Amino acid sequence: MNPGPFALFKWEAVAAEWPVFATGFGTTALVSLLALLLALALGLAFGMAGASTSKGLRGPTRVYVEFFQNTPLVIQVFFLYNGLPYAGLVLPVFAVGVLGVGIYHGAYVAEIIRAGIEAVPKGQKEAAASQGFNAWQTMVHVVLPQTRRIVLPPLANQAVFLIKNTSVLAMVAGGDLMYQADSWAAGNLYYGPAYVVTGLLYLALCLPLSRWVRRMEKTSAVQA
Amino acid sequence: MGQANGKDFGGAGMIEELLQLKNLVFLLQGLGVTLLISAGSLALSFVFGTFLGVLRHGGPFAAAKAASLYIEVVRNIPNLLFILAVRFLTPLPPLAAAIIAFTIFTTAAVAEIVRGGLNSIPKGQWEAARSQGFSTVGILVHVILPQALRNMIPPLASQAITVIKDTSFVWVVGIEELTGKGMILMGMYATLPQVFTLFSLLAAMYFAVNYGLSRWARLVQVKA
């Protein structure tokens, strides 16, 4: 008789070979963390530029945001992994993950930061200027601190999308959780338990962040 | 590099060779598959997502909880996992499997958009319609949803863009959509100018569709 896709011995195989999944989980967590830092750095820079009054700063920001929001992450990652070597630049796959996912989500973070800055009333800037703050000091000491409550929930949401999108590494043999699970299952055909365990591990990373966003949205809805 | 195949190909000649009509048609066929998967899953998700969103917004307790559980679980797991799971755990043909996988995922996203849309309609609308003798379903269909839909256009459009971009993930299960067709061409035209032209072309095709979609949504939103 043909055993079902979720037969007990398949679960036992997953349990016995758990380091395969643990290694992938570690890679996914590390790529997510580094990509998130990159996305925040890019997003902060481009977000401030996008909210500025200078056309020379806003133009390049629009190009960055529109390009990366309207083209697939997969294409961008394939370009880094398959395209750049033709120009003599071979990046390790881990770096492809961090750069690809970080730059892609940086475009979304930039829009969140820009919206946050634009939500701070103009009077705040004028008041800061009247106290002798220059533009940079105004941004860092007056405007940005006030955007925190507006930008944190969407930023956490973006972090969830970012973690999920690190699975793009599975398409370039990146050794992340999705890749580890899929190549393990492709070897022994124990797809069922492998995918369930993988799903649970992603939930473990993403669900706490999502719950936190929900709570924040509820409290701000009450305050509003 | 310019001496590939022993012929005196300049970069321009190589690019011309890549951009011959046959290859452009090949890519457009891929775009057709991309749009087919996107449109099919978006249409299905709109139906299921509206149903789920309405249940979560105001359904009976158990149904609202079940809808909520589905949405939370699906939204915190990478789409790629559903693509792989539906492909390898069901007997569906590849294209149908891809549409189902995207429907599983997008239904949850649409449900959240619908819930947000419903929340944006003041309670008074319900009370007014009820006083006129409408049934609950009647109020929903004739009074609430048409108004909510207007607020849902921008997030629905950005969800559609997300779906179109993310269909590039299905190349992993061998479906020849736009990204897949592009990668097949890359295997045949493996020189620096050709590969870079190809990536630019792929990005431009996705960009044209997605940017057009987002512009159109903004136009409709302003008119509505």
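The dialogue below goes through selected features of a predicted model.

Q: How many helices and strands does chain B have?
A: Helices (H or I, at least four residues) and strands (E, at least two) are DSSP runs, numbered from the N terminus. Chain B has nine helices and zero strands. Read from the N terminus, its elements are α-α-α-α-α-α-α-α-α.

Q: What percentage of the residues in chain B is buried?
A: A residue is buried if 20 or more other C-beta atoms lie within 10 Å of its own, exposed if 12 or fewer, and partly exposed in between; the C-beta atoms are placed from the backbone. In chain B, buried residues make up 39% of the 224.

Q: Which contacts in chain B join residues 24 or more positions apart?
A: Two residues are in contact if their C-beta atoms, placed from the backbone, lie within 7 Å. Of the contacts in chain B with a separation of 6 or more, 74% are between residues 24 or more positions apart.

Q: How is the packing of two helices described?
A: Two packed helices are described by the angle between their axes and the distance between the axes. Axes are lines fitted to C-alpha atoms, for helices over the stretch in contact, and angles run from 0 to 180 degrees between N-to-C directions. Helix 6 (residues 123-131) and helix 7 (residues 136-166) of chain B pack at about 130°, with their axes 10 Å apart. That angle makes helix 6 of chain B oblique to helix 7 of chain B. Angles under 35 degrees count as roughly parallel, over 145 as roughly antiparallel, 65 to 115 as roughly perpendicular and the rest as oblique.

Q: What is the handedness of the crossing of helix 6 and helix 7 of chain B, and which residues meet?
A: A crossing is left-handed if the near helix is turned anticlockwise from the far one by less than a right angle, and right-handed if clockwise. Helix 6 of chain B passes helix 7 of chain B in a right-handed crossing. Gln125(B), Trp126(B), Ala129(B) and Arg130(B) of helix 6 meet Ile139(B), Val143(B) and Ile144(B) of helix 7. These residues divide into five nonpolar, one polar and one charged. Here Ala, Val, Leu, Ile, Met, Phe, Trp, Tyr, Cys and Pro count as nonpolar, Asp, Glu, Lys and Arg as charged, and the others, Gly among them, as polar.

Q: Where does Gln125(B) lie, and what are its contacts?
A: Gln125(B) lies in helix 6 of chain B. Gln125(B) is partly exposed because 14 other C-beta atoms are within 10 Å. Neighbours within four places in sequence aside, Gln125(B) is in contact with Val143(B) and Ile144(B).

Q: At what angle do helix 3 and helix 5 of chain A pack?
A: Helix 3 and helix 5 (residues 93-119) of chain A pack at about 120°, with axes 9 Å apart. The two are therefore oblique to each other. Their crossing is left-handed. The contact residues include Tyr64(A) and Phe68(A) of helix 3 and Tyr104(A) and Tyr108(A) of helix 5.

Q: How many residues does each chain give to the contact between chain A and chain B?
A: The contact takes 32 residues from chain A and 31 from chain B. Helix 9 of chain A gives the most to its side, with ten residues. The chain A side divides into 20 nonpolar, nine polar and three charged residues.

Q: Which residues of chain A have a positive phi without being glycine?
A: Ala173(A) is one of them, with phi of about 55°, and is found in the loop between helix 7 and helix 8 of chain A. Leu189(A), with phi near 65°, lies in the loop between helix 8 and helix 9 of chain A. Ala173(A) counts as exposed, with 11 C-beta neighbours inside 10 Å.

Notes:
Residues numbered from 1 in each chain as written. Chains lettered and ligands numbered in written order. Predicted model: local features only at pLDDT ≥ 70, side-chain atom pairs only at ≥ 80, totals over all residues.
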